[in-house]
Amino acid sequence: MASTYLTKSKSFIIHTLKSKLHYTTRTSHFTNSLFHHRLLHTLSPLPPVPKHANYYSIGKDYVARRSHATTSASSQINQLPVESPSSQILDFPGGKVKFTKNMIFTSNSTEERVNCYRVLDDNGQPFTDDIDLLKINKELALKMYTNMVTLEVMDTVFYESQRQGRISFYATTTGEEAINIASAAALDNNDFVFPQYREPGALLWRGFTLQEFANQLFGNKHEYGKGRQMPVHYGSRKHNYITVASTVATQIPHAVGAAYSLKMEKQDSCVITYFGDGGTSTGDFHAALNFAAVLEVPVIFFCRNNGWAISTPVNEQFRSDGVVVRGKAYGVPSIRIDGNDALAIYNAVCEARKLAINEQTPVLIEALTYRAGHHTTSDDSTRYRSVDEIERWKGDQNPVKRLKKWIESKGWWDNVAESEYRSNIRKQVAQAIQVAEQIEKPPVADMFNDVYDVPPRNLNEQEAFVRKTVKKHREDYPADVPL
Amino acid sequence: MASLIIQRIGAATSFDTNNNFDRRSLSGRKSGFLVVRSDGAKITTGLKPIGSRTHHLVTNAVATKPGNSAASTASKSGHEILLFDALREGLEEEMDRDARVCVMGEDVGHYGGSYKVTKGLAPKYGDLRVLDTPIAENAFTGMGIGAAMTGLRPIIEGMNMGFLLLAFNQISNNCGMLHYTSGGQFKIPVVIRGPGGVGRQLGAEHSQRLESYFQSIPGIQMVACSTPYNAKGLMKAAIRSDNPVILFEHVLLYNLKETIPDEEYVLNLEEAEMVRPGQHVTILTYSRMRYHVMQAAKTLVNKGYDPEVIDIRSLKPFDLHMIGNSVKKTHRVLIVEECMRTGGIGASLTAAINENFQDYLDAPIVCLSSQDVPTPYAGTLEEWTVVQPPQIVAAVEQLCK
């Protein structure tokens, strides 16, 4: 596999994927032609693509998938008339474009979809003979696997505890354990993480303990958020994991801002932000991608396309070929990967990180996966999708199982180790819950602190009023909240 | 006067209808009273004489003649400067002082900003530190918040305050909240600034008064500048503050000229400004309306009134200390604002004063605001939506009867 970088950005991924994306040919004009093509569709119809594409390279992808004459019966690029490019050009503020006499609208159909990168097949066996892609040693593989198992067990036990009424709310990451752990494994601990809310695995990988997770869920006085946010809205400054906010996709522009600050201070790290398929419909997503491309900042946009946004399936969320093509539209190097394949995720994020930092460019990764659990504990997904579908994805496609098959085939793991590990973790989580439940809740003062750096007079007055009221009617207020 | 609404809170109290201005003492709290004879001459007993103001009145909303504000009389030397330049000076001083300060917004870079507040900064600091952004207020506000959380101190410029409505989600749900919800782990020292208010025929969408919408958001501070002196001081204070601060400028005030001190100064974000001490009535105002009030004050003085004018400057939180002291002295309050009647700064201020100083009031608080209509384009109609000096004079006369 050619692993030579082209100096002028963006091309490494294209090179690596040459054999996979069968229609990518030449890439040396990547930057220029992409630049041209940004404006093409706004000015004049796209030029027809010659059979032997030696022409607009990445634009050709764009053209190949979209350039279909709406009136003609043919929908294959090979059937478009061969024509030598016009010698007349339009010298426009956005770049030079060539004219054509053919009026061709791009198609709204997406028959040819971007291919998906994977390393391990459904049976956990390498999909390719190229062992370079499996550059993971035993220690790393086991660390990834055990973290994925911990995440899986943690989710199950915490979910159960919500059902039992011990915590008020929970959201599982069932089915997305590989995304959570493998992406974090490929990053450095100094890289900022701007999560959505389904990525506690990144915290787990960085050393957040089960007790710290449990404390946040119970909102007790030891949790870093001081009891102010909902369960699963973790945040930890020392782990460079920004506090989760419930608003969808607002973290995406934040990530661009953080990447901008890294660029200003010339740091050798990057930013990663996660979001789902639903989040890509928001204004914040589009504007942030556009900004990141224009500003040339080192941010990885990681989309967990898990098929569902609560009850909205992806074909009701967008009509584009998923999310990966949106990156292309904004001039962001993009890739589609198998989100249930831990090794593929690891490889892709490694390369994305290198690209982002060395070439100061954003990167978009669309990981195809499945949300095997409910949206949250407030949801029963069997109401809008079949139990069969859920079970199918919990089967062979399950990321934990697939990685397990691979490490077992390497002789690094077995069923004895598995059951031992699982029962151990289960005990630890249960213990953490018990401990967290007993700890005191944050005091009333924490309701008024941190609104500003120093509480202003009106907040002090309001706090005094609350204290007075609570003292007067102590029996009406919870006994475990200190004043 | 057809378009003006005067608000009265509570039952109307009776006033003397003759020309004597009689301030009633309330259960012995005040000593002495002021009597104004019908010929306009004043007799005072035990109170400071009226001529004890320390600065001139500024009489025109877009005044070009220099006026000295109280605080700047202390300095020996100074330089004349226009308001937009004062903002720029403050910004530049802070950018020199702290390398983490950066600016982002539309056309702030090489264009120098739509109102020239960032003129010359991009050539000096580079176009990464003075960043031109694409047109997406939600995104660059979010960007500023993310950059602030990871160590920078951005200043986010809205080309017009009204455009920041697009960034409301980021400002309310993230900017105001993340310091709190993260348990104090991440701070957001941003300054969000831009021109707002009714201009000269800018149309309804460009004449918004965002302070009414933003005032409820917990976690942010709001200040409004009105003179070159306080513009520079507030800008510097806002940048140095670790809290998110929204600095409201006014489209029509950018060309005000004033002499400001040469030496460095920073103002307090939570303090109001005593524009003109007085005895008869407290007039609370901010931003452009300060100038309409001062113009009316001139007329009022000629008619024998002695208004105390306070530019509240700090819109969130209110400087109830200075306001309270003034109310305790004059017992009558008139609020003059540019916000709409419903839910404006005046509405909140009325509630706050009533709650805290009700015992000191001799009359219900009067609040003059703009009407609840989108700002019309036609010049005469636009003029009528904004409180004008004759209305202020009439309100004071009514209040002091």
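Of the 401 residues of chain B, 61% count as buried, where buried means under 20% relative accessible area, exposed over 50% and partly exposed in between (1.4 Å probe, protein chains only). The model is predicted: local features need pLDDT of at least 70 and side-chain atom pairs count only at pLDDT 80 or more, whereas totals for chains, interfaces and linings use all residues. Residues are numbered from 1 along each chain as its sequence is written, chains are lettered from A, and side-chain values use heavy atoms, with hydrogens and water left out.

The predictor gives the complex an ipTM of 0.73 and a pTM of 0.78. For chain B the mean pLDDT (the predictor's confidence in each residue, from 0 to 100) is 84, and 81% of its residues reach 70 or more. Over residues 1-74 of chain B, however, the pLDDT is below 50, although this stretch has 147 contacts in the model beyond near neighbours in sequence; contact means heavy atoms within 4.5 Å. Where pLDDT is low, the predicted coordinates should not be read in detail.

Chain B comprises 12 helices and 17 strands, taken as DSSP runs numbered from the N terminus (helices, H or I, at least four residues; strands, E, at least two). Among the contacts in chain B with a separation of 6 or more, 81% join residues 24 or more positions apart.

A nonpolar core is a set of buried Ala, Val, Leu, Ile, Met, Phe, Trp, Tyr and Cys residues joined through side-chain atoms within 4.5 Å. The largest has 82 residues, and A:Tyr260, B:Phe214 and B:Ile353 have the most contacts inside it. Leaving aside neighbours within four places in sequence, B:Phe214 is in contact with residues including B:Leu164, B:Phe168 and B:Phe248.

In chain A, A:Gly276 belongs to strand E4 (residues 271-276) and is buried, with a relative accessible area of 9%. Not counting residues up to four places away in sequence, A:Gly276 touches A:Gln196, A:Cys303 and A:Arg304. A:Gly276 and A:Phe302 are 26 residues apart in sequence and 8.4 Å apart in space, C-alpha to C-alpha.

The largest pocket is lined by 36 residues, with A:Pro456, A:Asn458, A:Leu459, A:Gln462 and B:Pro317 nearest its centre. On a 1 Å grid over the protein atoms alone, a pocket is an open set of points where a 1.4 Å probe fits, with protein on both sides within 12 Å along at least five of seven lines, and lining residues have an atom within 4 Å of a point.
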